[in-house]
Amino acid sequence: METIYDVIIVGSGPAGLTAGLYTSRANLKTLCVAGEKWGGQLMLTTLVENYPGFSEGIQGPDLMASMRKQAEKFGVEVVEKDASEVDFTKRPFEVSTGSFNTSPHLGRSIIIATGAEFNWLNLPNEQRLIGRGVSSCATCDAAFFRGKKVVVVGGGDAAMEEALVLSRHATEIVIVHRRDKFRASKIMQDRVMADPKIRVIWNVEVKDVLGADKVEGVVLSDGQTLVTDGLFVAIGHSPATKIFAGKVSLGTRGYAQREGDKYWTMSNVPGVFVSGDVHDYTYRQAVTAAGYGCEAALDAERWLEEQKS
Amino acid sequence: MAAVNLTSGDFDDKVKTGWAMVDFWAEWCGPCKMSGPVIEELASEYTGKVLVGKVDVDAQPELASRFGVMSIPTVILYENGVEKGRQVGYAGKQGYLNLLASVKNL
């Protein structure tokens, strides 16, 4: 007899792991389809200063490892596979992980917590130069730019963090932003503006990146070419909802919709719940994602209870 | 077998014959915390077929620069010391298996 889980969580960032913590503590048999790259966006950060409870801050990957351990302690099973396909027309619901010779995982309820994926600029030579000066992760790669010049693209908190991390290593950081002001939080903007190594070019976009074997420059929309050794892209994220298209209702930008009435976190499919950045365009914080994960877990628990009676 | 720590002193000697898969990593790199355990798994699964090695880019900056590694984790696959493929960024276990499969049916 194949295992039927009470809850299958798709995703393993703060939303997914918090949901798992709650469902497993409610004695619901829980599977977390974590993805090959588990842990979500915080795995690419350094010091997280705004997650409450850690007065000195905590390293993003350490926070996620701890959340995972906490969820597993109460019985969540974690599989490090990508969900490849879902079927929400059947009961129990099906979540496939695309491995050979394995049947789909079966769940009485689903919590979608796949979060958001990194956006590239889609420049002609961008993909070719990834790992050769083009990067999406200053915390991973900044040390390779000791004594070099770099360009950061973006205007949100992520771009500010990239620039500040790079400032510890590089000699000159240029932030290229397509608007005339940043969307980043005030405290991050202030740190950037106070950093003598960082300067900003406003109202300009990056059109292409130059270089044969490594980045040598970037072409800007005002026609100038900046000589640089690196291009760090931090222009935000899009919801990771590709596998859910046509399965649950998605909003205009592809965000999963919470449409429940009695259960606020429920999608348009009864028994399928939504939590975290996959539905949240507005707040997008680790702590809000964790909160949404908790909400979805409590809703799933109550909904499952209701199905029994 | 555990993944072998490679240094500029023994890199060429260890990698010059047969297949080798080398993970360039560092202590401060978040995604390397994910790739590390997967590389260890592959090391035991491919014992005798592929030498699975690790290069700490902080300790061995000249190896990183020699192979143009500017982003970590980067995993490079070598045959007889010649680069045959590379995966930049953490790709998950499947990503590394795909890298092996793309170059040779290992």
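Predicted model: local features only at pLDDT ≥ 70, side-chain atom pairs only at ≥ 80, totals over all residues.

Student: OK, is helix 1 of chain A largely enclosed or exposed?
Tutor: Largely enclosed by the rest of the structure, because 11 of its 12 residues are buried. Buried means 20 or more other C-beta atoms within 10 Å of a residue's own, exposed means 12 or fewer, and partly exposed is in between, with C-beta atoms placed from the backbone. Helices (H or I, at least four residues) and strands (E, at least two) are DSSP runs, numbered from the N terminus.

Student: What covers those buried residues of helix 1 of chain A?
Tutor: The cover includes strand 1 (4–10), strand 2 (30–33), helix 2, strand 8 (105–112) and helix 6 of chain A.

Student: And how do the axes of helix 1 and helix 6 of chain A cross?
Tutor: They come within 7 Å and cross at roughly 40°. Axes here are lines fitted to C-alpha atoms, for helices over the stretch in contact, and angles run from 0 to 180 degrees between N-to-C directions.

Student: Which residues make that contact?
Tutor: Among them are A:A15, A:A19 and A:Y22 of helix 1 and A:A289, A:G293 and A:A297 of helix 6 of chain A. Contact means C-beta atoms, placed from the backbone, within 7 Å.

Student: Switching topic, what domains does chain A have?
Tutor: Domain 1 (4–117 + 237–308) and domain 2 (127–233); such bounds come from an automatic or database domain assignment. Their centres, taken over C-alpha atoms, are 32 Å apart.

Student: How many residues does each chain put into the contact?
Tutor: Chain A gives 18 residues and chain B gives 16 residues. Helix 3 of chain A gives the most to its side, with 3 residues.

Student: Where are the cis peptide bonds you'd point out?
Tutor: One runs from A:R91 to A:P92, with omega near -10°, and A:P92 is in the loop between strand 6 (85–87) and strand 7 (93–96) of chain A. Another joins B:I72 and B:P73, where omega is about 0°.

Student: Last one: is A:N122 buried or exposed?
Tutor: A:N122 counts as exposed, with 7 C-beta neighbours inside 10 Å. Its phi is near 60°, a positive value in a residue other than glycine.

Methods. Residues numbered from 1 in each chain as written. Chains lettered and ligands numbered in written order. Contact = placed C-beta atoms within 7 Å.
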